[in-house]
Amino acid sequence: TVAGLAMSFGSGAMSNTVQDIVDNAESIFIIGSNTSEQHPVIGSKIRQAIIRRKVKLIVADPRKIDIAEFSSIYLRHKAGTDVALINGLMHIILENNWQDQQYIDERCENFEDFKATLAGYTPEIVSSITGISVNQLIKTAEMMATHKPMAVFWAMGITQHSTGVLNVLTLANLQMVLGNMGVPGGGVNPLRGQNNVQGACDMGGLPNVFPGYQTVTNKEFIDKFNLAWQTKSFTGEFDNKLSTKPGLTSTEMIPMAGDGKIKALYIMGENPLVTDPDVYHTRKCLQACDFIVLQEIFPSDTSALADVLLPGVSFAEKDGTFTNTERRVQLVRQAITPKGSAKPDWEILSNLAKKILKEEQREITGDFASWDYKNASEIMEEIGALTPSYAGIHYDRLNNGESLHWPVKDAQHPGTPILHIGSFTRGKGKFHPTEHIDPKEMPDDEFPFLLTTGRVLYHWHAGEMTRRSSDLLEVYPGAYIEVHPEDAIKYGIRQNQQITLNSRRGTTRGKALITDRVSPGLVFANFHFPGEQNTNNLTIAALDPVAKIPEYKVCAVNLVIE
Ligand SMILES: Nc1nc2c(c(=O)[nH]1)N[C@H]1C(S)=C(S)[C@@H](COP(=O)(O)OP(=O)(O)OC[C@H]3O[C@@H](n4cnc5c(=O)[nH]c(N)nc54)[C@H](O)[C@@H]3O)O[C@H]1N2
Ligand SMILES: Nc1nc2c(c(=O)[nH]1)N[C@H]1C(S)=C(S)[C@@H](COP(=O)(O)OP(=O)(O)OC[C@H]3O[C@@H](n4cnc5c(=O)[nH]c(N)nc54)[C@H](O)[C@@H]3O)O[C@H]1N2
Ligand SMILES: [Mo]
């Protein structure tokens, strides 16, 4: 795959930088990202590039999102049909010989197998699956072929599906067909969501890897981390070797807690009682769990089910780094003194670790197993010593204002703004044949609407932070559900009227926002409001088989007027 990117979304990162793309792309393809509302800085840079450099924008999204106003082509395809759409575009590209054959021959492999699967994706078939006209498909393929390099951006509209990995692989195929990988102004560019989700994944916040995506099944890495982190009991009875078995994802842990297979959960900076799919079920699972520790900055909805609440501090009250979506490591500096006994997350964790070591009478044998950090900078030194891609990242460089994109190989290395130049990280770029598969749940007579979910500009996820701002609440006070005018007429719904949505799993309430941003038969709801307004009462916990990401973007619901 492309840098293993589709193996796990965690190891996915933008291949190019935002500045590179806005300076060098001839066209930009946004698919499944509400870029101007959810990534406003990047969204405004893209708009500037369109206005100043006449860059062509193609948007594919079931909702007519704001940035579509700036597009040369807007494709309103049906939710859950991305593989078919992209395969259809590649079918047309190959039929017209618009591919970059030299690039394919020199830098890629498995092209023939892949090409064979495209045969079935004729414009007519693809049009019937996606709802995009044959004419639009041809126009789009032609624009992509004649405006190179093209950069692709995507976000949760692509990944939050039971076919999330297939969707990503298909976009990588498109970029290889066009020769847009490893070039300025091109690339595959997933927009990461949380301010530091990239950093969390880089640091091993995934079930199968140590920091820097060093897999737990690899002997070389296991030996290295055992040397660094091993402890042994004073009595010499047992050595604490690191496990070589991949762990579980959070979407696997919650149901296992429900089945009694997991007895305790340590939840840090997450609010699963609002943000997990199928929340009625999530609640049952958490209730069944013997012991829950919650490390939070607010008593969130989930805190009601926690046995212990550990008070962390917010970004403004601590030092550290965030790694952003373009792999750039940036300093955060403490601006406010924490109140009460609240502490930075790392301090809570290291205090706890030291207590456990003492309790278990363990002796430190590894180079770094003492947990005696003085500050965040010392932690970065440990990271650098054990993580090749972060080896050259030090606080003094960051303090001097250096802009460092990993990999940064040593203290002199300038960083790597663009990945895959000359060759792919894995050698050759591999084409992965992919096929269209329907979402797990499709509308039917009982649940005739397709529900897709996501965010709005004014709130952040479960709203624990943003719903505490009276200004934001004034602008966006409660749950709104987008309904198309035709459906509003059919059901006799007035603007702002209270409506109820039901799925096979639960019920949610909100005010109707009648808008042609959605198409007939599609409703959109956000998950910023808890309790009876929570959209995740409805969503389905169907997972992608590889990435284990839930299908937040498609389920079937019906609509009732109150
Ligand atoms: N203001 C604000 N900004 C945020 C966040 C927030 O809560 N509030 N959260 C952050 C986080 S963690 C994340 S992950 C990002 C998410 O950022 P985005 O993924 O950009 O935002 P979403 O609203 O989840 O949905 C993206 C788009 O996917 C479209 N979509 C739905 N179904 C499909 C489909 O089947 N195919 C395609 N192609 N598109 C589809 C939706 O119409 C929507 O426009 O936002 C980040 N930024
Ligand atoms: N229906 C639907 N559901 C979704 C999605 C969707 O598109 N549709 N998107 C999914 C996605 S992409 C995401 S990322 C998740 C987000 O899901 P969550 O991460 O569960 O949601 P947040 O509201 O961001 O919760 C983060 C919590 O961390 C706390 N916090 C903030 N800063 C700190 C800190 O420094 N330390 C500690 N310890 N705590 C802190 C906040 O108070 C907040 O309660 O939601 C997922 N759920
Ligand atoms: Mo996210």
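Which residues surround ligand 2, and which of them are the closest?

**Entry 1. Conventions.** I worked on a predicted model, in which local features need pLDDT of at least 70 and side-chain atom pairs count only at pLDDT 80 or more, while totals for chains, interfaces and linings use all residues. Residues are numbered from 1 along each chain as its sequence is written, chains are lettered from A and ligands numbered from 1 in the order in which they are written, and side-chain values use heavy atoms, with hydrogens and water left out.

**Entry 2. Ligand 2.** I found 26 residues around ligand 2, the closest being Asn271, Thr275, Glu296, Lys318 and Asn536. A residue is near a molecule if one of its heavy atoms lies within 4 Å of it. I then looked up polar contacts, that is, pairs of N or O atoms within 3.5 Å; within protein, one must be able to donate a hydrogen and the other to accept it, and residues adjacent in sequence count only if both atoms are side-chain atoms. An N or O atom in the side chain of lysine 318 lies 2.7 Å from an oxygen atom of ligand 2. Polar backbone atoms also take part: that of alanine 462 is 3.1 Å from a ligand 2 oxygen, and that of glycine 269 is 3.4 Å from a ligand 2 oxygen. I noted that ligand 2 taken alone exposes 910 Å², of which the protein buries 87%; accessible areas come from the Shrake-Rupley method with a 1.4 Å probe, and for residues only the protein chains shown count as cover.

**Entry 3. Ligand 1.** I looked up ligand 1 in turn and found 32 residues around it, with Gln38, Asp61, Gly80, Arg455 and His459 nearest. The side chain of serine 33 places an N or O atom 3.2 Å from an oxygen atom of ligand 1. A nitrogen atom of ligand 1 lies 3.2 Å from a polar backbone atom of glycine 157, and a backbone N or O atom of valine 456 is 3.3 Å from a ligand 1 nitrogen. On its own, ligand 1 has 910 Å² of accessible area, and the protein covers 96% of that. Helix H2 (35–38), helix H9 (156–159) and E19 are the elements that give two or more residues to this shell. Helices (H or I, at least four residues) and strands (E, at least two) are DSSP runs, numbered from the N terminus. The shell around ligand 1 divides into ten nonpolar, 16 polar and six charged residues.

**Entry 4. Aromatic rings.** I recorded 13 aromatic pairs in the structure. Rings of Phe, Tyr and Trp (its six-membered ring) pair if their centres lie within 6.5 Å; planes under 30 degrees apart count as stacked, over 60 as edge-to-face and the rest as tilted. Phenylalanine 210 and phenylalanine 225 are stacked, 4.2 Å centre to centre with 20° between the planes. This pair links distant parts of the chain, strand E7 (residues 209–210) and helix H12 (residues 219–229), 15 residues apart.

Are phenylalanine 210 and phenylalanine 225 buried or exposed? Phenylalanine 210 is buried at 8% relative accessible area, and phenylalanine 225 is buried at 0%. Buried means under 20%, exposed over 50%, and partly exposed in between (1.4 Å probe, protein chains only). Phenylalanine 225 also pairs with tryptophan 229, and the pair is tilted because the planes stand at 50°, with the centres 5.0 Å apart. Both residues lie in helix H12, four residues apart, about one turn of the helix. Tryptophan 229 is partly exposed, at 28%. I also noted one aromatic cluster formed by Tyr458, Tyr476, Tyr480 and Phe529.

**Entry 5. Backbone.** Most residues other than glycine have a negative phi, and most peptide bonds are trans. I found a cis bond from lysine 148 to proline 149, with omega near 0°. Proline 149 is in the loop between helix H8 (134–146) and strand E5 (150–154). Histidine 461 has a positive phi of about 40° and is buried at 15% relative accessible area.

Note on methods: Nonpolar A, V, L, I, M, F, W, Y, C, P; charged D, E, K, R; others polar.
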